[in-house]
Amino acid sequence: MRDLAGHGEQVFGYTRSRSATRAAQKDGFDVSSDLAQTLTRAAESDALLVVAVPMDAVSGVFDAIAEHAGHCGITDVVSVKKPVYDLVRAHGFQARYVGGHPMAGTENSGWGASHEGLFHRAAWAVTYDFAYELDAAGEAVPESWSRLFTNVCALAALTGAEAVPVSVARHDEAVARVSHLPHVIAEALAIVGDHGGTLAQSLAAGSFKGATRVAGTDPSLVRNMCETNADALVPVLDEYIALLSSARDGLSGENPSMQELAEAGNRSYVRIGARSGARRESVSPVKISSRPVMRVHPGGPGWVAQLKQIEALGGRVEVF
């Protein structure tokens, strides 16, 4: 809302929290705590709906959309995509839904944690499964869906983010590695550090504080992320545990060593860093020059195949 309003776009919203509603209104934003009224208004203005709620609240919001805003385009910023797409299918929203997930944020939540520029140069995952399914079946993608895809990419661009096309399954596997696993690690590391008592707590410095930062996230949000992506997260967690077990074996031998883990980890860090910028608060910040860019005309010949190619490269898409 802050970014879009800053670019002169008409934007209004809903939150169930009355205190957040008042805080947003105090800052000059058009926010209501009446969902039905907000959706009715959205339907009247043919607005693009952005669903920004925890996963366990998505179904209820979709129910309300079906009742009050039956023709509006829908996107979201939920941190898992397959469970959301399952609900999209159940509600019959496929032709009016393009999923999204901006890879940026902090451990804080609520209106007070938001600020203009939060998504600047962050990756913004944009899903295209509906178009891919139709294209694979030899069917044409509706023009209305192509326009919606364009609008979602434009929304991301207005916030300063870079749209990255991705299928829901590949998205969930990727974020299990780079977003959800770090939450599991941070929680466990915070517990281990706390067990060291006041001395360990007093000596905790940058490496510990950085590695445990996201343990400050509201536990209910962490549960929503990790539990709803368990299918993708468990194999990744097994991979991580195997690396820890190997390191333990190396350190418990007669000649303690963690050379293999240290060197392999450093090589991986360097590879990731080659594609990363310097914004610490973004999970996936990027340099403009570091991510392959392809221009796509939604609805044009072969455009869905182009999206698949861009996804394979981990690139960003610009629409025209």
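At what angle do the axes of α8 and helix α12 cross? They cross at roughly 60 degrees and come within 9 Å; here axes are lines fitted to C-alpha atoms, for helices over the stretch in contact, and angles run from 0 to 180 degrees between N-to-C directions. Before going on, keep in mind that this is a predicted model, where local features need pLDDT of at least 70, side-chain atom pairs count only at pLDDT 80 or more, and totals for chains, interfaces and linings use all residues. Residues are numbered from 1 along each chain as its sequence is written, and side-chain values use heavy atoms, with hydrogens and water left out.

Back to that helix pair. Helix α12 covers residues 230-251, and α8 covers residues 168-194; helices (H or I, at least four residues) and strands (E, at least two) are DSSP runs, numbered from the N terminus. The two helices are therefore oblique to each other, the class left over once angles under 35 degrees count as roughly parallel, over 145 as roughly antiparallel and 65 to 115 as roughly perpendicular. Their contact (heavy atoms within 4.5 Å) includes Ala176, Leu181 and Val184 of α8 and Leu233, Val236 and Tyr240 of α12.

Now for the sheet. It's an open one of three strands in the order β5-β6-β7, with mixed pairing; two strands pair if DSSP finds at least two bridges between them. β5 (100-102) and β7 (162-166) stand at the edges with a single partner strand each, so one side of each has no neighbour in the sheet. On average, neighbouring strands are turned by 25 degrees against each other, direction ignored. Three bridges join β5 to β6 (residues 123-127), and this pair runs antiparallel. Look for Pro102, whose bridge partner in β6 is Trp124. Here α8 turns up again: it packs on the sheet, touching β5, β6 and β7, and its direction makes about 115 degrees with that of β7.

Another helix pair is worth a look. Helix α3 (residues 35-44) and helix α4 (residues 55-68) pack at about 50 degrees, with their axes 9 Å apart. That angle makes α3 oblique to α4. From α3, the contact is made by Leu35, Ala36, Leu39, Thr40 and Ala43, and from α4 by Ala64, Ile65 and His68.

Finally, zoom out. The protein is divided into domain 1 (1-166 + 290-319) and domain 2 (172-276), with bounds that come from an automatic or database domain assignment. The C-alpha centres of the two domains lie 30 Å apart, and 19 residues of domain 1 are in contact with 17 residues of domain 2.
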